Amino acid sequence: MSVSIRLPTVLRPHVGGQAVVEVGGATIGEVLTTLVAAHPGLSGQVISEDGQLNKFVNIYVNDDDVRYMEQLATPVSDGDEISILPAVAGGA
Amino acid sequence: MTRFGSVLDLIGNTPMVDASALSPNPSVSIWVKLEGRNPAGSVKDRVALSLVQAAEEEGRLVPGAPDQVLIEPSSGNTGIALAMVCRMRGYHLKVVLPTNVSIERRQLLEVFGAEIIESPGSEGSNGAVRLARELAEQHPEWIFLYQYANPANPAAHYRTTGPEIWADCPEVTHFVAGLGTSGTLLGVGRFLKEQNPDIKVWAIEPPTGEMVDGLRNLDDGYIPPIFAELGGAEILDRKTVVRPRESIEWTRRMTELGLFVGISSGAIMAGAIKCAKQIPEGESATIVTIACDDGWKYLSTGAWTDDIDEVVERATKVIYF
């Protein structure tokens, strides 16, 4: 099982400058754990030390925010596109 | 009633139009509430009036008193609405505006006499918020209404937008709106859920992409304080991103119904379509969605008439939410 993860500019230096990395896993939690194991520079950035999603990070599976799905237990399937994005203000 | 004592009396009580002809699911109807009918042209008129009235009630602002200066970060609509109210009340407004907004948004701020302070476009709305906070700190004599942290923002929607939707469309099953300051979603979402806890609330976000390239680290990320303080996570049932191409496509499709609305309204309609698609066929549902403003302020972007690939490319660099 392989999914692609798109990283924001601020995290790319930790993965050798890549914008997209391919990672295996059956849930968002597994995918992120694998990602951080392969790129230790990301440690503490996406998942905080208590094992929760960093509050300033949003993670999307095919454009849906996992916080409103099953959080880290959200299942992923082959070919899913995952995006990690900093939380930003919108609002005109 | 057709005679009014003040333009401010025209804020709210906006009409809702049936857009079910665009629904991909025959058992799902879609209604659009046209906030462009507000006098300064957007849903933010409700918020601006509520913010100013709350500050006046607290005595932070005194109508007619000299040298009262307000500062506010805005990518456009809140600034324009506040500028109108401030002009009428005699307050001086400084708007911190990212450089990458449509020219018409700047022009409208100037029409109502607001002073524009530019923030870097590459930092998006976050950059405008950051700069406004810094300036407010350096100038404690300025009044910082701070729509992202001011409960008078969602309160405007709890008090007006929510009850209007409930009165006009009590069969509503889903409410779909844009996530910016989170004021609309929090205020309307809470009100509707109090009336019927089964109503689902969907938040639509624009993709941030290149607009947040200026962020230096993840801690530059920003969650509106009102979202955390007022239990935003409990009110939302779903949060989804809509791409610039879908936003433009649906902004164009809406003209089939005579709806000439802004690009964020197209994005929200795209979200409503996504919502309609995931409702099982045969299960009847009624989606209520918001058109935040009309299309006038975006004519210069060529959104309706230029080659769609070019418009999409431009839209990735412009703040339209």
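This is a predicted model: local features need pLDDT of at least 70, side-chain atom pairs count only at pLDDT 80 or more; totals for chains, interfaces and linings use all residues.
How many salt bridges does the rule find across the interface of domain 1 of chain B and domain 2 of chain B?

1. Residues are numbered from 1 along each chain as its sequence is written, chains are lettered from A and ligands numbered from 1 in the order in which they are written, and side-chain values use heavy atoms, with hydrogens and water left out.

2. Strand β3 (residues 57-61) of chain A is largely enclosed by the rest of the structure, because 5 of its 5 residues are buried. Buried here means under 20% relative accessible area (1.4 Å probe, protein chains only), and strands are DSSP runs of E with at least two residues, while helices are runs of H or I with at least four, numbered from the N terminus. In a regular strand the side chains alternate between the two faces of the sheet. In β3(A), A:V57, A:I59 and A:V61 lie on one side and A:N58 and A:Y60 on the other, and all are buried.

3. The partners of β3(A) come next. Strands pair if DSSP finds at least two bridges between them. β3(A) runs antiparallel to strand β5 (residues 81-86) of chain A over 5 bridges, with A:V57 bridged to A:P86. Strand β4 (residues 64-65) of chain A is also antiparallel to β3(A), through 2 bridges, and A:D64 stands opposite A:V61. β3(A) and β4(A) make a hairpin with 2 residues between them, and A:N62 in the turn has a positive phi of about 45°.

4. Chain B splits into domain 1 (7-37 + 154-315) and domain 2 (44-144), with bounds from an automatic or database domain assignment. Their contact (heavy atoms within 4.5 Å) takes 32 residues from domain 1 of chain B and 26 residues from domain 2 of chain B. The area buried between them is about 2000 Å², 56% of it from carbon and sulfur atoms; this is the accessible area (1.4 Å probe) that two parts lose on being put together, summed over both. B:L8, B:I11 and B:K297 supply 32% of the area that domain 1 of chain B buries against domain 2 of chain B.

5. Back to the opening question: the rule finds 2 salt bridges across this interface, each a side-chain nitrogen of Lys or Arg within 4 Å of a carboxyl oxygen of Asp or Glu. Helix α5 (residues 152-168) of chain B gives the most to the side of domain 1 of chain B that touches domain 2 of chain B, with 6 residues. The side chains of B:R46 and B:E164 meet in a salt bridge at 2.9 Å, N to O.

Key: Buried means under 20% relative accessible area, exposed over 50%, partly exposed in between (1.4 Å probe, protein chains only).
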